[in-house]
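Have the model open while you read.

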Amino acid sequence: MSSRDPYALDKDSSHEPDPAAPAEDDVEPGESGVRPPRNPAVRGPVIAVTGAASGVGAALVSRLAASDEVKQVVAIDERRGDCASATWHVLDVRDPAIAEKLRGADVVVHLALDLDLETDPAARTAYNVRGTQTVLTAAAAAGVHRVVLCTSAMVYGALPDNDIPLAEDSELRATAEATGVGDLLEIERLGRRAPRAHPGLNVTVVRPAVLVGGTDTALTRYFESPRLLVVAGSRPTWQFCHVEDLVSALEYAALEKVDGELAVGCEGWLEQEEVEELSGIRRMELPSAVALGAAARLHRIGLTPSPAGDLAYTMHPWVVSVSALHAAGWRPRWTNEEVLAELLQEVAGRHTVAGRRLGRKDAATAAGAAGATVALLGAAAAVRRARKRRGI
């Protein structure tokens, strides 16, 4: 997994193609540079994967390349990855030339997304939306009959009245206020529209719960804090998805063992009290107005990469059912408890305050400063309320 992008590439925030990349964008397996003939004994699909050089994409390419059910793997990224048995094309997914590289593929799994907390939001949206539009259009032009998109269960929204668990066909009630969620909602919209614009094209959407396994998101950074922020009166619930389980679910979708809108994650969920007991990290409880107000102000002045909307996903339930995958015979290998334990191992030694990752030397000082900021904001809010009551 890339530490920058939970779904795909590890690239800089400019999204510009690597100037050191070879002019010829076809990089074939083996030392000879000659495309090997497809194995006539294998009658499975030809599967193309975007964002194939790192993260989930790299793991999926390796898994598909080792499968007896796959005829050929076509890997697409801005740099060449490590899987020698895949056929590599080095280009940006926004390049219309990708249509020619997809010719002959049966299925495309689109994983070239940027959800990096540090990326400029406008550049991130431009990359994610334009890339998805281009891949869907190119796939249809190339005769591909299925595209698999990967978004997140965050698109359902974290709301106090959510069912536990949410059915996979539940309404998408998220807003664009959390990191990257606006992009994911637009990708979902493009996915729904594509079969109408391109008859014969099937679009399958996979929505993982909190993704863990080399990831860096606002939700994994939550566990890097010295205290777990809990908003008073909220009911947090936690459902995780290990990267290995996401990759196996994507393989199911790519092999057409399941289709439609699919949620993926561990069985069941953990309540906040269970998370605190398992992690050994104590809570810091704040009133809603203070927590949300502080988060909004700290983000607005550039002290934290996470907007206030990210807090909703630590306040309200957004646990999902994985019934469609279960019906197809898929089962997660990881439990919520096991994934949480791995996450805690991964973040050990990291220090994050209000979503901002700090160096070890700065952690104690910044934690005190952040605490003072929250206290001041809380005091200011109390003064405003008192004045309002007195009619000042």
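## A buried glutamate and its partners

Let's start with E276, which is buried, at a relative accessible area of 14%. Buried here means under 20% relative accessible area, exposed means over 50%, and partly exposed is anything in between (1.4 Å probe, protein chains only). Before going further, note that this is a predicted model, where local features need pLDDT of at least 70, side-chain atom pairs count only at pLDDT 80 or more, and totals for chains, interfaces and linings use all residues. Residues are numbered from 1 along each chain as its sequence is written, and side-chain values use heavy atoms, with hydrogens and water left out.

E276 pairs with R283 in a salt bridge, with 3.0 Å between the closest N and O atoms. A salt bridge here is a side-chain nitrogen of Lys or Arg within 4 Å of a carboxyl oxygen of Asp or Glu. R283 itself is partly exposed, at 28% relative accessible area.

R283 also bridges to E273, and there the closest N and O atoms are 3.5 Å apart. E273 sits in helix 7 and R283 in strand 14 (residues 283-286), so this pair ties together parts that are 10 residues apart in sequence. Helices (H or I, at least four residues) and strands (E, at least two) are DSSP runs, numbered from the N terminus.

## Other charges

The salt bridge count comes to 16. Among them is D92 with R94, whose closest N and O atoms are 2.7 Å apart. D92 is buried, with a relative accessible area of 8%.

The elements giving two or more residues to it are helix 7 (272-279) and helix 10 (336-347). E277, found in helix 7, is exposed, with a relative accessible area of 68%.

## Cysteines

How many disulfides does the structure hold? The count is 0, where a disulfide is a pair of cysteine sulfur atoms within 2.5 Å. C150 is in no disulfide, and its nearest cysteine sulfur, that of C241, is 8.4 Å away. C150 is also buried, at 2% relative accessibility.

C241 is in no disulfide either; its nearest cysteine sulfur belongs to C266, 6.6 Å away. Like C150, which is buried, C241 counts as buried, with a relative accessible area of 1%.

Where is the cis peptide bond? Look from I164 to P165, where omega is near 0°. P165 is in the loop between strand 6 (146-150) and helix 4 (181-197).

Then there's E256, a residue other than glycine with a positive phi, near 60°. You'll find E256 in the loop between helix 6 (243-254) and strand 12 (261-264).
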